Structure formats: C-alpha cells, structure tokens
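Subject: Structure handover

Hi,

Here is the structure for your set-up work. My notes follow below it.

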Amino acid sequence: MLNNYFDQYGIIGLFLITATLVPLGMLLVSKLAQYIKVRPHNPSEIKEGMYECGMRVDSDRWQGYNLRYYYYALLFVIFDIETVFLFPWAVKYGVLSKEFGVSVLLAMILFLFVVTIGYVYAWKKGDLQWK
Amino acid sequence: MSFQDFLIISPEIVISFTAISVFLLDLFINNKKFLVNVSIAGLLFSFILTLGLSNGWLIESPGVYAFFSSIKLDEFSLFFKVLIILSGVAVIGSSGEYISSNIESKGEFLGLLLLSITGMLLLVSSVELITVWVSLELTAIPLVALVALGKNDTSLEASLKFLILSAVSSVVILYGLVFLYGYSGSTYFNDIFSYISSTTSSPEDLIVLNYGLLIGIILLVLGISFKLAAFPFQMWVPDVYQGAPTPITAYLSVVSKAAGFAVLLRIIYSVLGGNDFSVILSNLFSIIAVFSMTIGNVMALRQNDIKRLLAYSTIAHAGYLLIGVASLNISGIGENLYSGPQGVLYYLAGYAFTNLTAFLLIIGVSKSIGTFELSGFAGLRKKSPLTSFVLAVSVISLLGIPPTVGFMSKIFIFSAAVNTNLTWLAIVGVINSVISAYYYLRILKIVFVDPENNQSEIKVSKSISLITLIGMIGILLLGLFPSLILEIAEIAVMSIVNI
C-alpha cells in the first residue's frame with residue numbers, strides 16, 4: 001500500500017519537471033531564434049512597460065489604500081458567509097427537522113442573532129460612516 | 001442532541017453569552033466598571049454550574065458524552081474547568097484598575113478574554129480531533145487581539161509575532177491531525193485507540209505498520225508545545241509576555257499552559273493508552289523537557305525586565321511539567337501507576353496560584369513605580385512590607401523551597417521520573433532548579449536588601465491585594481496539605497486512561 005502511495009507522488013514529480021522544462025524551453029528557443037536572425041530585437045519604452053495594453057502606468061505598485069475599504073469588505077464577508085450557511089440549511093431543512101425537530105430552527109436563529117450583534121457592533125462603532 | 005447535551009456545555013454557553021453581552025453593553029454604557037462586574041458574575045455563574053455538573057445536581061454523574069460523543073464531561077475536564085474559570089476570575093477581578101487606566105478598548109478586552117476562556121473550557125473536554133482544533137483556534141484568535149490591545153508599539157509587534165507563530169503551530173497541529181485521521185480512519189479518540197490496540201501483534205509491528213500515526217502524533221505534540229511555551233516553539237514567549245498587557249501575560253502563562261497540558265495528557269492517555277508508542281513519546285518529551293528547562297533557566301539569568309524574566313521562567317516550568325508528562329509508566333509495575341500525570345495536575349494547580357500571585361502583584365506595584373525594570377523594585381520592603389512578603393512567598397514557590405506548593409510539586413514530578421526509570425531526567429531537573437535559584441533569589445535581593453532609588457509611593461488596589469492574599473494562602477495551604485489536590489488529581493487522571 002505504501003509503495004503505491006509514494007508512486008502517486010511520482011506523477012506530481014513528472015508534472016513538476018514538465019512544468020519547469022516547457023517554459024524554459026520556450027524562452028531558450030526564442031533566445032536562439034534571435035541569433036539566427038529570425039526574431040528581431042528592437043526594444044522600446046512601451047514594449048518594456050508593465051502592461052502591453054490599457055492605460056499607461058504612472059505609479060508604483062506600493063501605495064496606500066484607504067483602510068475604510070477593508071471595513072466594508074469585512075462587513076460584506078460577514079453577510080456572504082451568512083448566506084453560505086443559510087443556503088444548504090434551507091435546502092435540507094425538511095430532512096433535518098424530521099430528525100432533530102425544532103432545534104434545527106433554533107440553531108439557525110442563534111447564528112443569525114450572533115451575526116446581527118456583530119453588525120450592530122460595527123454600526124455603533126461608526127464603521128459604516130465614510131469619514 | 002438532547003437537553004442533557006446543552007446542560008453539559010452550560011458553563012461554556014454562559015460564558016460565551018456573557019462575552020456577547022459585554023460587547024453589546026460596551027456600546028451603550030459609559031460606566032466600564034460595570035462591565036468588569038458583569039464578566040465576573042458570568043464566570044462565577046458558570047463556576048456554580050461546573051460545580052453542579054461535578055456534584056450530580058444537573059446530571060447523574062460525570063463521564064458522559066455529548067454532541068455525538070465529541071465532548072466528554074469527566075473528572076479530568078471538570079478539574080481543568082474549575083482551574084481555568086477561577087484563574088479567569090482572578091485575572092479579570094484584579095485587572096479592573098489596569099483596564100481603566102491602560103486599555104482603550106475596555107469592552108473588547110473583557111469580551112475577548114471571556115471568549116478565549118470559552119475556547120479553553122471546550123478544549124479540555126473535547127475528545128474528537130476536529131473539536132480539539134476548533135477549540136484551539138477559539139482560544140488563540142482572541143488572544144492575538146488581546147496582546148495587541150496595549151497602547152504601545154511593542155504590543156503590536158508582540159501581537160504580530162504571536163499571530164504568525166500561532167498560525168504556524170496551528171498548521172503543524174492540523175497536519176498531525178490529518179495523519180492521525182488518515183491512518184486510523186476516525187477522528188474520535190476512542191476509535192483511534194481501538195484501532196491502535198487492534199493492530200498490535202508485536203511492538204515492532206505496531207511502529208512499522210503505523211509510522212504514519214507516529215508522525216501524526218509527533219507533529220501534534222510539537223504543535224501543542226506552542227501552547228505550553230515549550231522548546232521548539234518557545235521563541236515567542238519573552239517578546240509576547242513583555243509586550244502584552246500584564247493581565248494577559250498572567251493569563252497566557254497560567255491558563256493557556258494548563259489547557260495545553262490538558263489536551264496533551266488526554267491525547268497520550270486516551271488515544272495511545274499504554275502501548276509502545278509511549279516509549280518513543282517518552283523519549284520525545286524528555287528531549288523537549290531538557291531543552292525547555294535549560295533554555296529557560298540560562299536565558300533568564302541575564303534579564304533585567306521582570307516580565308521577560310518571568311517569561312523565561314515559564315519556559316523552564318514548562319520543562320519541569322514535561323518531566324511529569326514523560327514519566328509514562330508503560331511496564332505497569334509499581335505502586336502508583338499514574339504518578340506522572342497526577343504530579344502534572346498538582347503542579348499546574350500550584351503553578352496557577354504561584355504565577356498569578358506574582359504577576360498580579362507586578363501589575364499593582366509597577367503601576368506605582370512606573371517601570372518593569374528589576375531595579376525599580378529596589379527597597380520595596382521599606383515602602384510596602386506586606387506586598388514584598390507576598391512577592392517573596394510566590395518567588396520562593398517558583399524556586400521550589402518548602403513549605404510552598406512549588407516544592408511539593410517538584411518532589412512529585414521528580415519522584416515520578418525516578419519511578420519510571422528516568423533518573424537522569426530528574427537529575428537534569430534538579431540541576432536546573434539550582435540554576436534558577438540565581439535569578440529568583442536576585443529578585444528577593446533587590447526587593448529586600450538593595451537601597452531604594454526612587455521615592456514613589458506603593459499603592460496596590462484593594463482587589464489585587466485581596467486576590468494575591470488568597471493566592472498566597474493557597475500557595476502555603478497546598479504546600480502543607482498536598483492531598484487536597486492530589487486525591488482529586490488521581491480521580492481526574494483515572495477518568496482519561498484508556499486500557
């Protein structure tokens with residue numbers, strides 16, 4: 001069993017080797033093509049830019065983002081997760097309530113209660129104000 | 001799920017609801033002292049419920065499972081629940097003044113601390129791998145935020161270090177759990193135990209066939225050593241202890257460590273029972289113990305900040321405690337089969353009294369002298385004789401001099417090691433105790449002999465005085481009458497052993 005187990009890693013190893021060799025080979029072929037005058041070599045400012053199309057880049061990647069975006073993102077995630085939990089619960093509610101009775105409903109009400117408290121907390125702390 | 005399931009976790013439910021109400025009340029109430037009272041009331045109510053669970057007022061008898069047998073209420077978990085809740089009461093009760101002057105987010109401080117306590121209560125009673133991991137996370141994540149609540153930059157730095165290392169250790173633990181599940185096919189401690197027992201035909205077979213399980217358990221132990229502040233994951237301890245608000249430092253050094261040892265002992269005795277894995281594990285624990293003791297004691301020698309000094313001292317104490325964990329009586333010969341874990345439980349109870357007394361006094365004194373430098377404590381004897389006496393008792397107990405609890409617990413741990421043919425480990429422990437005498441006695445020398453260098457008046461708040469006095473009485477009482485805890489500890493250990 002164990003030999004089989006490590007054989008599986010062999011496939012991953014092959015994949016790794018292929019994934020390294022193919023891009024390296026492409027770069028190498030392109031470099032060699034330059035020597036036999038198949039590939040022209042005229043660098044320009046636009047060609048060496050970060051993006052080949054779209055707007056011209058006019059600043060570095062390292063710049064400050066406003067922290068308020070993260071407040072909103074976090075609050076969004078709370079409701080997102082809430083939906084993720086609510087949806088399977090609602091789909092299987094009939095099956096679950098047959099087995100466990102009213103406690104299925106109570107559990108979800110408790111969950112919604114806790115999430116709402118988190119929302120009230122953020123609201124009252126002023127995280128919803130764009131100031 | 002029945003009503004009894006909810007009764008079994010009622011202490012946790014009460015504390016988590018207290019935490020939520022503290023968060024909510026903080027938004028609408030300006031009197032923050034009231035929040036401290038609410039938190040203590042919640043903790044005391046859950047303490048009463050815990051007593052009710054252990055005495056048979058709420059359920060028939062301990063030893064019952066709940067929530068699809070992922071939580072077990074037995075004497076072992078009750079022992080740790082009482083220890084954790086009472087330490088929580090001591091920390092919150094004495095930090096009222098500290099919070100009002102040093103912490104900006106007061107409601108968050110109390111609420112997050114309560115949530116972390118909830119996680120520890122669940123951790124000590126969980127008997128299933130996923131429950132263990134979820135409760136470990138519940139204890140660690142609020143602590144990261146709590147460490148950051150101090151007002152200065154060192155606090156933020158400490159919090160970031162704590163976050164990263166706690167994430168790394170969580171991943172190591174999770175990887176260990178994956179190995180355990182993958183090789184045994186179950187996440188329940190009892191099922192893993194019966195799988196291991198059923199494959200045992202000879203000791204060699206056991207280890208060769210199950211080396212995946214062995215890797216899993218070793219990873220798990222290394223990950224948990226983060227919680228214990230023991231060897232492979234001890235680097236965070238001094239920085240975090242220094243940067244964190246002092247009540248949180250006290251909480252980390254006592255409660256977090258106790259919960260870590262609880263889960264470690266439960267895994268050893270419930271999952272592994274008494275088979276040949278234990279031999280390898282005993283060696284592993286011996287190595288971790290030697291390194292923790294030596295690193296902790298040697299590094300503590302040169303510290304001038306009392307919080308850093310006590311941080312290295314907790315690393316050393318984790319090493320002493322691990323001697324007790326390493327003393328597995330595999331051969332089953334001798335009078336007291338489980339003297340090792342029994343000693344660990346006694347040590348933890350005594351250590352809670354000792355370390356909480358020391359740290360809470362430091363909160364009180366450093367507020368008056370305005371520094372954590374050791375030199376600031378010079379001449380404390382003249383300024384406040386009672387304070388320096390209580391500090392002396394707790395330091396003597398940390399060092400292990402009779403008639404304190406520190407002495408008795410070291411006796412039990414070292415004699416358990418000798419009984420299980422680990423005499424060399426006991427000798428290393430004794431040598432380390434001698435090394436530790438230097439820096440513990442140095443504190444006493446500064447407090448009692450050195451001339452005072454500043455004129456600040458020492459004013460310790462009433463709550464801190466009361467709690468540290470209770471702590472000092474506890475140190476002496478448990479030292480003089482060890483059977484108070486030892487008998488409970490024996491019952492507690494017997495309740496987790498799978499044979």
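What pLDDT does chain A average, and what share of the residues score at least 70? Chain A averages 83, and 95% of the residues score at least 70. Here pLDDT is the predictor's confidence in each residue, from 0 to 100. Where pLDDT is low, the predicted coordinates should not be read in detail.

Ground rules first. This is a predicted model, in which local features need pLDDT of at least 70, side-chain atom pairs count only at pLDDT 80 or more, and totals for chains, interfaces and linings use all residues. Residues are numbered from 1 along each chain as its sequence is written, while chains are lettered from A and ligands numbered from 1 in the order in which they are written.

**Chain A**

An automatic or database domain assignment sets the domain bounds. Chain A splits into domain 1 (1-55) and domain 2 (68-124). Their C-alpha centres are 46 Å apart. Among the elements of chain A, helix 4 has the highest mean pLDDT (88) and helix 3 (residues 93-100) the lowest (86). Helices (H or I, at least four residues) and strands (E, at least two) are DSSP runs, numbered from the N terminus.

**Where the chains touch**

Six residues from chain A and five residues from chain B make the contact. Two residues are in contact if their C-beta atoms, placed from the backbone, lie within 7 Å. On the side of chain A, helix 4 (residues 103-124) gives the most, with five residues. By class, that side has four nonpolar, one polar and one charged residues. Nonpolar means Ala, Val, Leu, Ile, Met, Phe, Trp, Tyr, Cys and Pro; charged means Asp, Glu, Lys and Arg; the others, Gly among them, are polar.

**Chain B: overall**

Chain B has 22 helices and two strands. Its radius of gyration is 22 Å, close to the 23 Å that the globule rule gives for 499 residues, so chain B is as compact as a globular protein of that length. That radius is taken over C-alpha atoms, and the rule is 2.2 Å times the number of residues to the power 0.38. Of the 499 residues, 57% count as buried. Buried means 20 or more other C-beta atoms within 10 Å of a residue's own, exposed 12 or fewer, and partly exposed in between, with C-beta atoms placed from the backbone. Among contacts between residues at least 6 apart in sequence, 80% join residues at least 24 apart.

The largest nonpolar core has 175 residues. Such a core is a set of buried Ala, Val, Leu, Ile, Met, Phe, Trp, Tyr and Cys residues joined through C-beta atoms within 7 Å. Ala258(B) is one of the members that touch the most others. Beyond its neighbours within four places in sequence, Ala258(B) contacts Phe80(B), Leu83(B), Ile84(B), Leu348(B) and Ala352(B).

Helix 12 (residues 236-243) of chain B has seven of its eight residues buried, so it is largely enclosed by the rest of the structure. Its buried residues include Trp236(B) and Tyr241(B). They pack against helix 7 (129-147), helix 8 (153-184), helix 13 (246-272) and helix 15 (306-326) of chain B.

**Chain B: backbone points**

Most residues other than glycine have a negative phi, and most peptide bonds are trans. Some places to look at:

- The Pro402(B) to Pro403(B) peptide bond is cis, with omega near 5 degrees.
- Phe67(B) has a positive phi, near 50 degrees. It sits in the loop between strand 1 (64-66) and strand 2 (71-73).
- Asn421(B) has a positive phi of about 60 degrees. With 13 C-beta neighbours inside 10 Å, Asn421(B) counts as partly exposed.

Best wishes
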